[in-house]
Amino acid sequence: MRYQDLHNEMINGTARGSLPGWAGQVLRAIGSGDSPITAVRHPLGFLCLPLERTEEYGVCVHVWSGALPHASSTTSQIHCHSWDLLSHVLYGRVENVRTDVSDSDTTSAATHRIFEVVSEPDGDHIRPTSRTVRCERETSEVFGPGETYTLPAGVFHASLIPGDGETATIALGRSRPGHSDLSLGPPDLPAHLISRYRCDARETARVALHAARHLV
């Protein structure tokens with residue numbers, strides 16, 4: 001299945017029955033080396049298996065696990081996308097925490113600065129903007145296996161993994177022109193570059209088979 005097929009399954013409420021089997025086949029193909037997919041350690045702490053990428057659409061499997069090497073953020077977990085997210089939980093749980101972000105009148109009162117994240121071939125360029133802000137936890141929802149949730153572009157949030165930390169989702173993204181990828185970080189953090197670590201074939205297979213075993 002590709003983006004539109006997966007979107008239809010999630011929107012029509014049939015994903016709970018169809019997507020675990022589909023995802024298991026995809027993951028086992030990656031794990032056996034029959035698929036050219038390469039896993040990437042995402043700065044937000046999960047392993048990303050990018051299945052489909054076009055200028056407008058994207059399909060990925062995201063895997064969180066304390067048993068797998070992963071990257072860490074240099075800013076914070078609070079961010080917003082330049083694209084609409086439609087996410088389906090395969091196993092485990094995801095806590096989606098929406099955050100209210102307001103401009104701070106004074107630099108001393110600010111809790112964070114907004115950073116623009118620009119992805120280039122050499123990595124993610126983290127660029128400070130002139131906006132210093134205060135942020136407060138707004139709402140929190142926890143989603144479990146078989147559940148689907150949405151998040152519009154431009155909404156600040158953090159994806160937290162409760163429990164034993166073992167979770168995987170299918171994430172669909174649809175680009176929304178006019179929006180940027182943004183992250184909140186310390187007010188005095190300078191611009192910097194993060195190189196995304198691309199796993200080798202052995203590491204990619206380990207990620208895929210780890211996730212596939214949770215679907216059995």
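Which elements each supply at least two residues of the lining of the second largest pocket? In this predicted model, they are α2 and β2 (47-53).

**The second largest pocket**

The volume of this pocket is about 180 Å³. Among the residues that line the second largest pocket are Met-1, Arg-2, Leu-6, Trp-22, Val-26, Ala-29, Leu-51, Glu-52 and Val-59. Helix α2 provides three residues, the largest share of the lining. By class, the lining consists of nine nonpolar, one polar and two charged residues.

**Helices α1 and α2**

Helix α1 spans residues 3-11 and helix α2 residues 15-31. Their axes come within 8 Å of each other and cross at roughly 145°. On the α1 side, the contact is formed by Leu-6, Glu-9 and Met-10; on the α2 side, Ala-15, Ser-18, Leu-19 and Trp-22 take part. Leu-6 and Trp-22 also line the second largest pocket.

The table sets the two groups of residues side by side.

| Group | Nonpolar | Polar | Charged |
|---|---|---|---|
| Lining of the second largest pocket | nine residues | one residue | two residues |

**Helix α3**

Helix α3 comprises 14 residues, 201-214. From its first C-alpha to its last it reaches 20 Å, close to the 20 Å expected at 1.5 Å a residue. Its buried residues are Glu-203, Thr-204, Ala-205, Val-207, Ala-208, His-210, Ala-211 and Ala-212. These buried residues pack against α2, β1 (40-41), β2, β3 (57-64), β5 (83-91) and β14 (197-198).

Definitions and conventions: Residues numbered from 1 in each chain as written. Predicted model: local features only at pLDDT ≥ 70, side-chain atom pairs only at ≥ 80, totals over all residues. Heavy atoms only, no water. Axes fitted to C-alpha atoms, helices over the stretch in contact; angles between N-to-C directions. Helix = DSSP H or I, 4+ residues; strand = E, 2+ residues; numbered from the N terminus. Contact = heavy atoms within 4.5 Å. 1 Å grid on protein atoms, 1.4 Å probe; cavity = no way out; pocket = protein on both sides within 12 Å on 5 of 7 lines; lining within 4 Å. Points joined across faces, edges and corners; volume = space filled by probe spheres on them. Nonpolar A, V, L, I, M, F, W, Y, C, P; charged D, E, K, R; others polar. Expected span 1.5 Å × (residues − 1). Buried < 20%, exposed > 50% of the residue type's maximum accessible area, 1.4 Å probe, protein only.
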